[in-house]
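Have a look at the model first, then work through the notes below.

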Amino acid sequence: MVDAPVLSLVGRAEPRESWSTWAPSAIGHSALSSGLGMLMSVEKQAPLKSLITFGKFANVDMRVAQVLSAPMAEGTRNPCRVIDLDVGHLGKLRSIGQFALVPEEQLVGRKVIICCNLGARAMGPYTSEALVLGVPHPQSPEGQDQAMPLYVDGSARCGEGVF
């Protein structure tokens, strides 16, 4: 069993250029070398996307939601779950996502981060109204994008914004 990531706080991302302005004497040569090495290996796997303005980021409506149910979907191209979500004062939404490798009992009752302003999207015979944010599942089969959801602490309130 693989533990899913937990989003515990929001950090401030520094621009890429800041990596090149660090002085080895300020952080230690080995820390600089390993830090740049990690950055370089990450870039080989998934390069950084182009910069966006804060205004564009602020347009993404991310909220806390609680998973009410997550049965397996039928009739989708890849194995998916039909995830019913409680989004507090915003009501209930449905998400269809590739979380098939995560047992339903690990999902139900947990709080996740969703994006709820992408519009509806057909997923086989279902309509997905929200996107549950996640990271790639390490055991995802070739050709699938199976994921593990980003969980938040249980004390977070459903419908609250994420920033």
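**Cores and salt bridges**

The largest nonpolar core has 17 residues, and the members touching the most others are Val-67, Ile-83, Leu-85, Leu-107, Val-112, Ile-114 and Val-132. At least two residues of this core come from each of β1 (62-69), β2 (81-86) and β4 (111-115). Bear in mind that this is a predicted model, where local features need pLDDT of at least 70, side-chain atom pairs count only at pLDDT 80 or more, and totals for chains, interfaces and linings use all residues. Numbering runs from 1 along each chain as its sequence is written, and side-chain values use heavy atoms, leaving out hydrogens and water.

**Terms used here**

- A nonpolar core is a set of buried Ala, Val, Leu, Ile, Met, Phe, Trp, Tyr and Cys residues joined through side-chain atoms within 4.5 Å.
- Buried means under 20% relative accessible area, exposed means over 50%, and partly exposed is in between (1.4 Å probe, protein chains only).
- Strands are DSSP runs (E, at least two residues), numbered from the N terminus.

- Ile-83 touches (heavy atoms within 4.5 Å) Val-67, Ser-69, Ala-70, Leu-93, Arg-94, Ser-95, Phe-99 and Val-132, leaving aside residues up to four places away in sequence.
- There's also a second, separate core of 5 residues, with Cys-80, Val-82, Ile-96 and Tyr-126 among them.
- Val-152 sits in strand β10 (residues 151-152) and is buried, at 13% relative accessible area.
- Val-152 and Val-112 are 40 residues apart in sequence, yet their C-alpha atoms are 5.7 Å apart in space.

**Salt bridges**

- The structure has 3 salt bridges, each one a side-chain nitrogen of Lys or Arg within 4 Å of a carboxyl oxygen of Asp or Glu.
- Asp-84 and Arg-94 pair up through their side chains at 2.8 Å, N to O.
- This pair links distant parts of the chain, with Asp-84 in strand β2 and Arg-94 in strand β3 (residues 92-97), 10 residues apart.
- Asp-84 is partly exposed at 21% relative accessibility, and Arg-94 is partly exposed too, at 32%.
- Arg-63 bridges to Asp-61, with the closest N and O atoms 2.6 Å apart.
- Arg-63 counts as buried at 18% relative accessibility, while Asp-61 is partly exposed at 23%.
- Glu-160 forms a salt bridge with Arg-157, and here the closest N and O atoms are 3.3 Å apart.
- Glu-160 is partly exposed at 36% relative accessibility, whereas Arg-157 is exposed at 56%.

Terms used
Helices (H or I, at least four residues) and strands (E, at least two) are DSSP runs, numbered from the N terminus.
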